[in-house]
Amino acid sequence: MVALLAGAGAQAQTAPRAYAVMSLAGNTLALHAKREQVGTRTESAPIQVLALEDQILDEAAILAARAVLLKALPGAQPVLMMTQDKGLYGAQNAMFDQPDAHQADRDYLKSMLAAQGVSHLVLVSKFRGNAELKLVNSTEGGGVLEGMGFFVDDTIATINLNTQDGSRGMVVPFVYVRVRLLDARTLQVVREATAKRTRILARPSVEPSGMESFAAMTAVEKVKQLSVLLQVAMDETLPRVLAQ
């Protein structure tokens, strides 16, 4: 009997992980701006934080994470999970930084994972960090970025080094996210990493300003730009987070 129990314990220890993937980073879209003012230049600050009812950015984050997970672990069959629970969105980082204050949110998330029968959760959440927008010869920015959105600068003059076309203003999609690997039973953080990804969109001066360039972008184009950065962010962070 002892030998049988010991064998069962060894099998449990070596049981393959079963993964779920969830994103809580895509419920808002932030717009930061630097604009010309008389005698001054404004600091970067959100002039609009749009609450998104559509979960298209969370879907993009989940699919990007899934692609990396399957590349790293070809035999995995991850469960893709979505939620509309406002409590989880609001506590997406606080329930790990201050677990005692968010026990109800943690219990709810653990119940969701138990219902799926998974052992681990890959969770994508927002990350807050200094704005760092890297050009060829300088770094622009100012202020703090968080989650997903666009940084618009109406004051900067840029030159395309390939075509020598000049433009005034730039639009910068950004993705600032944290990726955690969690034990599904306890929500203990196994490993985590952060990504700060941006992409400079400096355009020839067809539109008079970066803000007008941003306004001219379609919703589909904006989602596409952020989806590209999400994939880069997952490529950068997830292999390290999944490493055993």
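Predicted model: local features only at pLDDT ≥ 70, side-chain atom pairs only at ≥ 80, totals over all residues.
Local features need pLDDT of at least 70 and side-chain atom pairs count only at pLDDT 80 or more, while totals for chains, interfaces and linings use all residues. Residues are numbered from 1 along each chain as its sequence is written, and side-chain values use heavy atoms, with hydrogens and water left out.

Let's start at strand E1, residues 19-23. Helices (H or I, at least four residues) and strands (E, at least two) are DSSP runs numbered from the N terminus. Five of the five residues of E1 are buried, meaning under 20% relative accessible area, with exposed over 50% and partly exposed in between (1.4 Å probe, protein chains only). In a regular strand the side chains alternate between the two faces of the sheet. In E1, Tyr19, Val21 and Ser23 sit on one side and Ala20 and Met22 on the other.

Who are the neighbours of E1? Two strands pair if DSSP finds at least two bridges between them. E1 runs parallel to strand E7 (residues 120-126) over five bridges, and tyrosine 19 has histidine 120 as its bridge partner there. E1 is also parallel to strand E6 (residues 79-81), through three bridges, where valine 21 is partnered by leucine 80.

Two loops are worth a stop. Glycine 117, between helix H5 (103-116) and E7, is exposed at a relative accessible area of 58%. Its C-alpha lies 7.8 Å from that of alanine 18, although the two are 99 residues apart in sequence. Leucine 187, in the loop between strands E10 (166-183) and E11 (189-198), is buried at 2%. The phi of leucine 187 is near 65 degrees, a positive value in a residue other than glycine.

Next comes helix H7, residues 219-242.

Finally, the second largest pocket holds about 270 Å³ of space. On a 1 Å grid over the protein atoms alone, a pocket is an open set of points where a 1.4 Å probe fits, with protein on both sides within 12 Å along at least five of seven lines, and lining residues have an atom within 4 Å of a point. Among the lining residues are Gly26, Asp54 and Tyr89.

Technical notes
Points joined across faces, edges and corners; volume = space filled by probe spheres on them. Expected span 1.5 Å × (residues − 1).
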